[in-house]
Amino acid sequence: MAQTARRTLLYIFLSLIAIVAIFPFVLMVLTSLKQGGAALTSIAKLIPENPTLKNFVEVWVADSFGIYFRNTALITAAVILGNIVLDSMVAYALSRKNFLGKRAMFLVIIARMMIPIQVLIIPIYVLMHWLQLYDTLAALILPTLVQGFGIFLLKQYFDGIPKSLDEAAIMDGANDFQILWRIIMPLAKPAIAVLVINTALTSWNAFLLPLILTSSQGTRTLSLGLALYSSRYGVDFINQMAASSISALPILAIFLVFQRQIISGLTKGALKQ
Amino acid sequence: MANKRKFSTFILLSPWIVAFIAFSLYPVGYSLYLSFSKYNPLAGQAPQFIGLGNYKEIIQDPAFWQAVKNTVIFVVGTIPVTTAIAIVLAVFLNQKIRFRSFFRASYFVPVMTSVIVISTIFTYIYSPYGLLNSFLNLFGIQGKNWLLNTNFALPAIMLMMIWASFGYYTVLFLAGLQNIPEEIYESAAIDGASSVQQFFRITLPLLRPMLIFALVINTIRSFQIFSQIFVMTQGGPLGSTRTVVYYLYNMGFQKFRMGYASGIAYLLFVIILIFSVIQMKSLSYEEQFYGR
C-alpha cells in the first residue's frame, strides 16, 4: 500500500517537472496564435479565442524572417556537408595513415577544443574584413567547416573498423578516397548520425558568429534576427512568439521524431569531447 | 608509389591544416598580440603596441570586476542547484518506471532550443504584465518588473538557465547510473542498506567521475554566458547583469576597443583553461571507471 502511494507520488512529481519543462513552449505557440493586441496574459486567458496564423505571415514576410530562415537552413546544410566530407578525410588520415607528427596533431586537436570562442572572435572579425567576406554567408560557414569534435568522433569510430577491409581494397587497387567513401563511410553511419545531429543543432542555434560577422538583413540568421527583434520591439510579444516558433519548431519537430538517437548522440558527444 | 601515398596523406590533412591556421593558430596568436596593443578598427590605423597597458587598465576597471562578480554569482548560484535537481531526477528515472523515455525527452526539450528563443520566451514571462506576475497575483503577491530591477534581474536569468539546462545533466547522470550494475544494489539491499544509504554509499561514489565532468562542463559554459544577457537586459539595469563575455562584447564590438577586449578574452581563457585541465583529469578517471 505504502509502495503504491510512493510510486503515485513519484509519477506526479516527474509529471510536474515535465510540465514545467514543456510549458514555456506551449505558451510560445499559444501566444503566437493570438489576435493582435491581446498579448497581456492572465492565466485564465492562455488559450487564444480566435486562433490565427496572421502573426506568422507578418513575421515571415514583413519582418524578413523568411530570409533569415533561408539563410539559417543554407548555412546549416553547408556546415553539415562540410563536416561530413572534410572531418572524415582528416579522421581517415589519423586512423589509417602513418605520418610525422601524427600524435602531436591529435593532441593539438584536443587542446584546440579547450579554447573558448571568445578568444578567437576578434581576429576572425579582422580576418573576414581582410578577406572581404564580412557580412556574407560564407563568413558564417567557413569557420565551422572543419571541427575537432567531428574529427575526434569519426577517428574513434574508424579505429574500430577492421583494417583488413581496406587492405583487401588496396590489393584491388583502390586509392585512399575510394577506401574512405566506399568502405569506411558506409560502415560509420552511427558516428555520422551523431556528427550530423551535433552540427545541425549548434549551427542552427549559433549566435555569436552571426552577431559579429554580419550587419545587414540579407545575411541575418534566425537566432540573430530574433535577438535583434526582441531587443528592438520590446513589447510586441505576439509577433515575438511567432518569430520564436519559426526558429524553435523545426528543431523540436526533428527532436520528436529522433529523440532517442539525439539524446544518446548528444550525451555520447559530451562524453567523448 | 610511396610518394603517391604521402601526397594523398597531405591532401587528406589539408582541410584541417587550412582551418587550423586560419581559425585557430592565427586567431590565438593575433588576439594575444592585440591584448598588448591599442586597436580601433574604425580608426583605420594598425594596432599600436602598448605592452601591459590593457591588462593594467582591466585590473583597475570597476566595471570589469562587477562583471566578474556577476559571473561568479551566476556560476555559484546556478550550478549546485542544477546539479542537485539533475541527480535527484536521474535517480528517480533510473528505477523501474513506465514512460521513462517520455519523461527523459520532455526534460530535454529546453536543451534542444536555442538560448535566444528561451530568452525571448522568458522576457515575455518576466514582463510586468507577463505570466509570472499574473501567477503571483493569484496568491495576492504584487509582481515586479523583474528584468528592470537591480536585485532581481540576475536571479531571474539564473532561474531561467537552471530550467534550461537541468535536462541535459539529468540525461548525462542517467547514462552514468545505468552503467552501475544492478547486483551492487541488490546485495546492499540484502545487507539491509536503506535506499538513502544506498544513494550516499553506492550511487554518489560511483557517479563521482561523471559528476566532476558535469560540474566542469557546466562551469566552463556558465563563464561564457552572453546571449541571454544580450536579449534580456543588455547588461543592465546599472550593470547588475553584465557578465565577463558581455563586457568583452561591449568593449570590442560596441566601443571598438579591440585591444582591451582581447585582454579580457585572454583573462577568460586562463580561467577556462584551469577548468579544462581539471576536466582532462576527470575524463581519465571516467575512462578508468567505464573501461572505455
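Me: How many of the 9 residues of helix α8 of chain B are buried?
Reply: This is a predicted model, so every value here is computed from it. A residue counts as buried if 20 or more other C-beta atoms lie within 10 Å of its own. Helix α8(B) covers residues 182–190 and is hardly covered. The count of buried residues is 0.

Me: Which residue just after α8(B) takes a positive phi?
Reply: Look past the end of the helix. The phi there is about 90 degrees. The residue is B:G192.

Me: At what angle do the axes of α3(B) and α9(B) cross?
Reply: Helix α3(B) spans residues 62–93, and helix α9(B) spans residues 195–223. Their axes come within 10 Å. The crossing is right-handed. The angle is roughly 145 degrees.

Me: How many nonpolar, polar and charged residues make the contact of α3(B) with α9(B)?
Reply: From α3(B), the contact includes B:T71, B:F74, B:V75 and B:T78. From α9(B), it includes B:F199, B:T203, B:A214 and B:L215. The residues divide into 8 nonpolar, 8 polar and no charged.

Me: Why does B:Q66 count as partly exposed?
Reply: B:Q66 is found in helix α3 of chain B. Buried needs 20 or more other C-beta atoms within 10 Å, and exposed needs 12 or fewer. B:Q66 is partly exposed because its count of other C-beta atoms within 10 Å is 17.

Me: Which peptide bond is cis, with omega near -15 degrees?
Reply: Go to the loop between α10 (227–232) and α11 (244–254) of chain B. B:P237 is found in that loop. The cis bond runs from B:G236 to B:P237.

Me: Is B:Q234 buried, partly exposed or exposed?
Reply: B:Q234 is found in the loop between α10 and α11 of chain B. Its phi is near 50 degrees, a positive value in a residue other than glycine. It has 14 other C-beta atoms within 10 Å, so B:Q234 is partly exposed.

Me: Is B:L238 buried or exposed?
Reply: B:L238 is also found in the loop between α10 and α11 of chain B. Phi of B:L238 is near 55 degrees, again positive in a residue other than glycine. It has 10 C-beta neighbours inside 10 Å, so B:L238 counts as exposed.

Me: How many helices and strands are there in chain A?
Reply: Now to chain A. The totals are 13 helices and 0 strands.

Me: What is the radius of gyration of chain A?
Reply: The C-alpha atoms fill a box of roughly 70 × 70 × 35 Å along the principal axes. Buried residues make up 42% of the 273 residues. A compact globule of 273 residues would have a radius of gyration near 19 Å. Chain A has 23 Å.

Me: How far apart are the C-alpha centres of domain 1 and domain 2 of chain A?
Reply: The domain assignment gives domain 1 as 1–52 and domain 2 as 62–272. Their contact takes 7 residues from domain 1 and 6 residues from domain 2. The centres lie 34 Å apart.

Me: Why does A:I19 count as exposed?
Reply: A:I19 sits in helix α1 of chain A. Its C-alpha atom is separated by 33 Å from that of A:L211, 192 residues apart along the chain. A:I19 counts as exposed because its number of C-beta neighbours inside 10 Å is 10.

Me: Which element gives the largest share of the side of chain A that touches chain B?
Reply: The contact takes 62 residues from chain A and 68 residues from chain B. Elements that give two or more residues on the chain A side include α1, α3 and α5. The residues on that side divide into 45 nonpolar, 13 polar and 4 charged. The largest share, 14 residues, comes from α13(A).

Terms used:
Residues numbered from 1 in each chain as written. Chains lettered and ligands numbered in written order. Predicted model: local features only at pLDDT ≥ 70, side-chain atom pairs only at ≥ 80, totals over all residues. Contact = placed C-beta atoms within 7 Å. Helix = DSSP H or I, 4+ residues; strand = E, 2+ residues; numbered from the N terminus. Nonpolar A, V, L, I, M, F, W, Y, C, P; charged D, E, K, R; others polar. Domains from an automatic or database assignment. Rg over C-alpha atoms; globule rule 2.2 N^0.38 Å. Axes fitted to C-alpha atoms, helices over the stretch in contact; angles between N-to-C directions. Left-handed = near helix turned anticlockwise from the far one by under 90°.
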